[in-house]
Amino acid sequence: MRKDYKLEKRKYVVGGFIAVVAIIYTLRLFTLQIQDEKYKDYADNNAFLRKTVYPSRGLIYDRNDSLVVYNQPAYDVMMIPRDVHDFDTLDFCRTLAITPEEFHARIKAMKESRNYSSYTPQVLITHLSAKDYGKLQEKLYRYPGFFIQKRILREYAYEAAGNVLGNIREVSEQDIEKDSYYQPGDYCGDLGIEKSYDKYLRGIKGKEILIRDARGRIRGRFENGARDIAPISGKDLKLSLDIKLQEYAESLMVNKIGAVVAIEPSTGEILALVSSPTYSPRSLVGRERGKHYRELVNDKYKPLFDRALMGAYPPGSTFKPSQGLIFLQENIVTLQTPYPCYGGYINGGLRVGCHAHGSPIQLKPALQTSCNAYFCWGFKAMIDKRSKYGSSDKAFEVWKNHLVSLGYGYKLGVDLPSEGRGFIPNAKFYNKWYGEGRWSANTIISVSIGQGEILATPLQIANLCTTIANRGWFITPHVVKEIKDTIIDEQYRTRRYPTIDQHHFDDIAEGMRMAVTGGTCRLANLPDIEVCGKTGTAQNPHGKDHSAFIGFAPYHDPKIAVCVYVENAGFGATFGVPIGSLVIEKYLTGQISPARKYLEDRMLNSNTIIYSGVKKH
């Protein structure tokens with residue numbers, strides 16, 4: 001009988017097909033049972049409930065060990081959707097004081113989240129009050145699939161320093177993608193210290209494994225807690241802030257727009273960092289956080305905008321000490337070099353006004369009287385000195401680089417988020433604007449007195465004052481003095497030296513001392529404390545001029561350097577000097593002398609916000 005080769009081939013085809021199917025099933029079973037943890041997790045979820053145990057967030061103290069930020073317990077209602085069975089929704093809503101519509105809206109939002117899973121705990125309601133927590137705890141057995149997660153809320157001992165402290169908020173999907181530490185429903189730092197030091201403050205989460213019975217009810221800890229992991233608390237922070245000084249400076253800035261920055265020169269530690277108008281840190285805690293945050297965002301005065309770090313202002317005459325330093329360093333002037341002032345700088349049809357004082361005038365008296373003409377002539381002598389620099393743009397680059405070394409034009413590196421950089425133009429900026437070789441000192445003369453294109457943050461202006469107080473060096477300003485069991489970053493312990501020889505700073509400091517004893521800063525003259533200062537009146541094309549002041553004290557052993565900037569407040573001597581001198585006196589003596597109480601009352605009760613041109617409603 002002849003062999004049927006077609007049947008023979010078909011046999012192999014069918015056999016091969018069966019083998020392939022068997023291999024596919026085998027691989028699939030291997031994947032499901034060995035590699036894929038999903039079904040194991042499903043089974044485990046039936047038997048166990050893994051609860052995250054959140055650590056205590058690190059406490060925050062001020063420089064004098066006053067507790068500023070601490071913790072209080074909070075409770076979130078969690079649910080594992082697949083474990084939820086029929087329950088009395090209306091009773092559940094009444095217990096938690098929410099409407100059924102709100103309940104269903106929360107369920108819908110939860111399911112629309114990118115991180116939603118019916119097998120993992122999901123946040124339903126945050127920040128239960130202790131009263132609501134107690135009511136729900138009694139009835140929790142009625143609501144299968146629901147449990148309560150204990151968390152931490154921040155509490156504030158003072159109403160001050162909201163812009164420095166920041167707050168905490170629930171993490172977003174972007175936060176979870178950026179940092180594997182976070183899971184849906186976690187909290188992270190938002191703004192201020194809470195954000196920039198979040199990794200130190202948040203601690204390490206723990207874990208608790210509970211056993212379920214066949215009906216999903218909790219029957220105790222797995223292996224008596226042997227597999228549980230205890231949380232590790234976050235690290236405590238000690239701020240450089242003096243919270244009492246911060247409170248006082250904030251009170252002086254009520255009904256004003258602007259900033260106050262106070263720094264300890266020898267360490268770079270920020271003693272006070274005020275942005276006004278400000279807000280209470282307590283307003284961004286609890287279930288009303290979202291509502292209050294929206295109110296702050298929509299406030300016309302922008303209290304969330306940290307003017308001390310982000311405000312870009314023309315520094316005005318507070319810029320003149322930096323000009324004196326550059327002119328001395330570049331041998332453009334000596335202490336005896338005189339320049340004329342006939343009511344201002346007059347050259348080639350150009351006039352920059354100035355107030356009445358003696359003429360001609362030298363550097364120290366020019367600082368004392370805040371002479372515009374002197375610094376205009378010095379700037380012209382430098383920028384137009386082609387015999388030394390070759391061209392105006394090359395001279396300007398030398399000038400600009402000195403300013404950068406003094407802390408202008410770039411972020412200083414403070415340990416807070418959202419620091420601004422201000423603006424110091426370079427030669428390319430003017431070449432593009434006017435054309436290469438088609439501009440000179442007179443074209444941009446206003447920058448010599450801190451106007452024109454020059455912009456600086458109050459922090460940068462305060463840092464210049466710190467550098468002069470130290471006679472030629474500064475440490476990057478920072479608000480955290482100590483981290484528990486951790487050394488702070490090296491940049492907050494290292495001196496930075498500008499490109500100006502140190503001996504020139506003595507002369508500038510003497511000129512600033514003269515401004516207090518017999519010049520534009522007389523209101524800063526304290527009987528027992530040698531104060532050095534410089535006023536600034538910054539022109540404002542949109543309304544009243546801005547009032548500014550820098551000062552430090554004591555003259556020979558500086559403990560504090562201050563910058564005050566008040567928008568739309570007029571002359572520097574009107575608001576900048578009084579507020580700055582009161583902050584200095586309060587810090588150094590702990591009180592305001594009876595003879596200066598009138599000045600304190602005037603600052604506490606004055607209102608310059610009405611000149612801002614901003615209508616709140």
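**Aromatic pairs, core and cavities**

Modeller: In this predicted model, Phe92 and Tyr143 are both buried.

Colleague: How many aromatic pairs does the structure hold, and what are the distance and angle for Tyr75 and Tyr133?

Modeller: The structure holds 25 aromatic pairs. Tyr75 and Tyr133 form one of them, and this pair is stacked. Its values are 3.8 Å centre to centre and 10° between the planes.

Colleague: Why does the pair of Tyr75 and Tyr133 tie together parts that are apart in sequence, and how many residues apart are they?

Modeller: Tyr75 belongs to strand S3 (residues 67-79), whereas Tyr133 belongs to helix H5 (residues 130-139), so the pair joins parts of the chain separated in sequence by 58 residues.
Buried means under 20% relative accessible area, so Tyr75 counts as buried, with a value of 15%.

Colleague: Which geometry, stacked or edge-to-face, does the pair of Phe92 and Tyr143 have?

Modeller: Phe92 lies in helix H3 (residues 89-96) and Tyr143 in the loop between H5 and S5, 51 residues apart. The ring centres are 5.0 Å from each other, with 85° between the planes. Planes over 60 degrees apart count as edge-to-face, so the geometry of this pair is edge-to-face.

Colleague: What is the volume of the largest cavity, and which strands each supply at least two residues of its lining?

Modeller: The volume of the largest cavity is about 190 Å³. Its lining has seven nonpolar, five charged and no polar residues, including Tyr54, Arg151, Asp186 and Lys205. The strands that each supply at least two lining residues are S5 (146-156) and S7 (187-190).

Colleague: Where does Ser283 lie, and is Ser283 buried or exposed?

Modeller: Ser283 lies in the loop between strand S12 (269-276) and helix H11 (289-298). Beyond four places in sequence, Ser283 touches Arg289, His292 and Leu296. Its relative accessible area is 18%, and residues under 20% count as buried, so Ser283 is buried.

Technical notes
Residues are numbered from 1 along each chain as its sequence is written. This is a predicted model: local features need pLDDT of at least 70, side-chain atom pairs count only at pLDDT 80 or more; totals for chains, interfaces and linings use all residues. Side-chain values use heavy atoms; hydrogens and water are left out. Helices (H or I, at least four residues) and strands (E, at least two) are DSSP runs, numbered from the N terminus. Buried means under 20% relative accessible area, exposed over 50%, partly exposed in between (1.4 Å probe, protein chains only). Contact means heavy atoms within 4.5 Å. On a 1 Å grid over the protein atoms alone, a cavity is a set of points where a 1.4 Å probe fits but cannot get out, and a pocket is an open set with protein on both sides within 12 Å along at least five of seven lines; lining residues have an atom within 4 Å of a point. Grid points are joined across faces, edges and corners, and a volume is the space filled by probe spheres set on the points. Ala, Val, Leu, Ile, Met, Phe, Trp, Tyr, Cys and Pro count as nonpolar, Asp, Glu, Lys and Arg as charged, and the others, Gly among them, as polar. Rings of Phe, Tyr and Trp (its six-membered ring) pair if their centres lie within 6.5 Å; planes under 30 degrees apart count as stacked, over 60 as edge-to-face and the rest as tilted.
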